[in-house]
Amino acid sequence: MTRTLTTRSASELVRADAAAVARADAVISELSLPGDGIPVTDPATGERIAAVPDVGVDAALEAVAAADAAGRAWAATTPRHRAALLSRWHELIVAHAEELAHLITREMGKTLAEARGEVQYGGDFVRWYAEEAVRPDGGFRGLPGGGASLVVTRAPVGLAVLITPWNFPLAMATRKIAPALAAGCPVVVKPATLTPLTTYYVVELARRAGIPEALIQVVTTSRSAAFSEAVLRDPRARKVSFTGSTPVGKQLMRIAAEGVLRTSMELGGNGPLLVFDDADLDRAVEGAVAAKLRNGGQSCIAANRIYVQRGIADAFVEGFAERLASASVGSGFGSGVAVGPLIDDRAVAEMDALTDVAVAAGAELRTGGAAYDGPGSFFAPTVLDRVPGDSRIANVEIFGPVAAIQRFGDEAEGVARANATEFGLAGYVFTENLDRALNVAEALETGLVGINQGVPSNAAAPFGGVKQSGLGREGGPEGLEEYQSVRFFNIARRETR
Ligand code: NAD
């Protein structure tokens, strides 16, 4: 089948439920934002829904000063005190889950069902770090040669600059803010200008929970490079935690090197998903659909390159393409919608170009392959089979609902092709053979592996990448350590008996 469609009619899209949109807008008016500044648009309609302050460098440095001052008192509080406030914050997130979910769908586009899932996931980080706050790791050791004892202890690293992307506006913020506060650090948070509203709202809930207002400074700016140049070079900043693309992460690491800042970098992915002949077909199809279509494919752990072993390939591709062809597209506020809009028209143009180039290189279009007429930024869930390994789509992060399938022969070939990338965030393996599952999971050069499942993230898990996908971990006990400096006291000991 060659590519025949280039656009689909917007009338095919599922429309929004007006009451749900009105509910989201009521939450936006609660935020009391200024009338002008950086416009925020709804990607499902293209309509301007709010504007947030466009903060300059001076005001950003004032935010640093205010957070730093508040941080001194915060670092001196007890872990129990911090835990209690974080627990209260979590309770408010749960109590306001619907407000948060509606806001996420309105500014980011994902379906309301997925937005509710993000609220649960994002809230879980706050609960997890409320629990972790009271369990700071430490130790007491004798020296091998005697004569002294060591107390190993942890201190808050200091002011943390947190920079988040647009694709999970709540979870990416709480995954950083909660461990920083639990460890005793003040924060300056810069959300993506495409989706800043959720951050404002969840930080407002933190204030209502009693967390000191100055401790979490939200800075929105259209001049992100000037922001990072000024704020990361300020000696009060001791840590930068960034989630976003690899090129921006590298720039931030260069600046961070000047002040020797602690860095956590959650960067781009190019996740392989391997389906072996001995996989349970239904489980593999379901897992691949989840790993590809979650957030409309706009996830750093999306299944970016799908490798299917030859014996199961035809059956897998048929089942998978059927599922994507029947996934309904439309407003995230529409009933039964599985795939919402992409974040903007640039993303739609990128899906279009990737599909075109792949088809021209010999890939078979099994379903989709079309953008929709506006308004809104929509692209049909697309399956490309027999994608040539050297085509562009097989080598870049797709970040949309386009699945690129390649076929492989034996396990060694599958693993070698999966690892042939400088990225290493998520990988997936589908097989009913336990030995193979573990052997392949170990062989994959990624920070995390989903085995027979497409949604591996959890607040309890140490999320993060290897290779150019990043440094550091978020979630789990490891996520707290990112905001702590390890110290030791060497206590001289004299024999007294
Ligand atoms: P991006 O790198 O363009 O932007 C991320 C954030 O950085 C935004 O807030 C943006 O305003 C800001 N930014 C951009 N340039 C900056 C600069 N010079 N100084 C300071 N801040 C700057 O990425 P994006 O398009 O928002 O997000 C998509 C990318 O994020 C993908 O590559 C995806 O894989 C990655 N991502 C990674 C993870 C992870 O956990 N590893 C999670 C989500 C997204």
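Predicted model: local features only at pLDDT ≥ 70, side-chain atom pairs only at ≥ 80, totals over all residues.
Student: OK, and how far apart are the end C-alpha atoms of α6?
Tutor: They are 18 Å apart. That agrees with expectation, because 13 residues at 1.5 Å a residue should span 18 Å.

Student: Is α6 buried or exposed?
Tutor: Buried: 13 of its 13 residues are, so α6 is largely enclosed by the rest of the structure.

Student: Switching to the ligand. How many residues surround the ligand?
Tutor: There are 29, and the closest are T164, S228, S245, L267 and E397. By class, the shell has 15 nonpolar, 10 polar and 4 charged residues.

Student: Which helices and strands supply at least two residues of that shell?
Tutor: α6 (171-183) is one of them, along with α8 (224-233), β9 (237-243) and α9 (246-259).

Student: And where does the ligand lie relative to the domains?
Tutor: Between domain 1 (38-267 + 469-487) and domain 2 (271-459), because both give residues to the shell around the ligand.

Student: Which side chains have polar atoms by the ligand's oxygen atoms?
Tutor: W166 has a polar side-chain atom 3.0 Å from an oxygen atom of the ligand. For K190, an N or O atom of the side chain is 2.9 Å from a ligand oxygen. There's also Q251, with a polar side-chain atom 3.3 Å from a nitrogen atom of the ligand.

Student: How much of the ligand does the protein bury?
Tutor: The ligand taken alone exposes 840 Å², and the protein buries 87% of that.

Student: New topic: R407. Is R407 buried or exposed?
Tutor: R407 is buried, with a relative accessible area of 12%; under 20% counts as buried. R407 is found in strand β16 (residues 402-408).

Student: What does the side chain of R407 contact?
Tutor: The side chain of D385, through a polar contact of 2.7 Å.

Student: Where do N295 and R386 lie?
Tutor: N295 is in the loop between α10 (281-293) and β12 (303-309), and R386 is in the loop between β15 and β16. N295 is buried at 3% relative accessible area, whereas R386 is partly exposed at 41%.

Student: Last one: what is the peptide bond from G374 to P375 like?
Tutor: That bond is cis, with omega near 0 degrees. P375 sits in the loop between β14 (371-372) and β15 (382-385).

Terms used. Residues numbered from 1 in each chain as written. Heavy atoms only, no water. Near = heavy atom within 4 Å. Polar contact = N/O pair within 3.5 Å; in protein donor to acceptor, adjacent residues only side chain to side chain. Areas by Shrake-Rupley, 256 points an atom, 1.4 Å probe, with all protein chains shown as cover. Helix = DSSP H or I, 4+ residues; strand = E, 2+ residues; numbered from the N terminus. Nonpolar A, V, L, I, M, F, W, Y, C, P; charged D, E, K, R; others polar. Domains from an automatic or database assignment. Expected span 1.5 Å × (residues − 1). Buried < 20%, exposed > 50% of the residue type's maximum accessible area, 1.4 Å probe, protein only.
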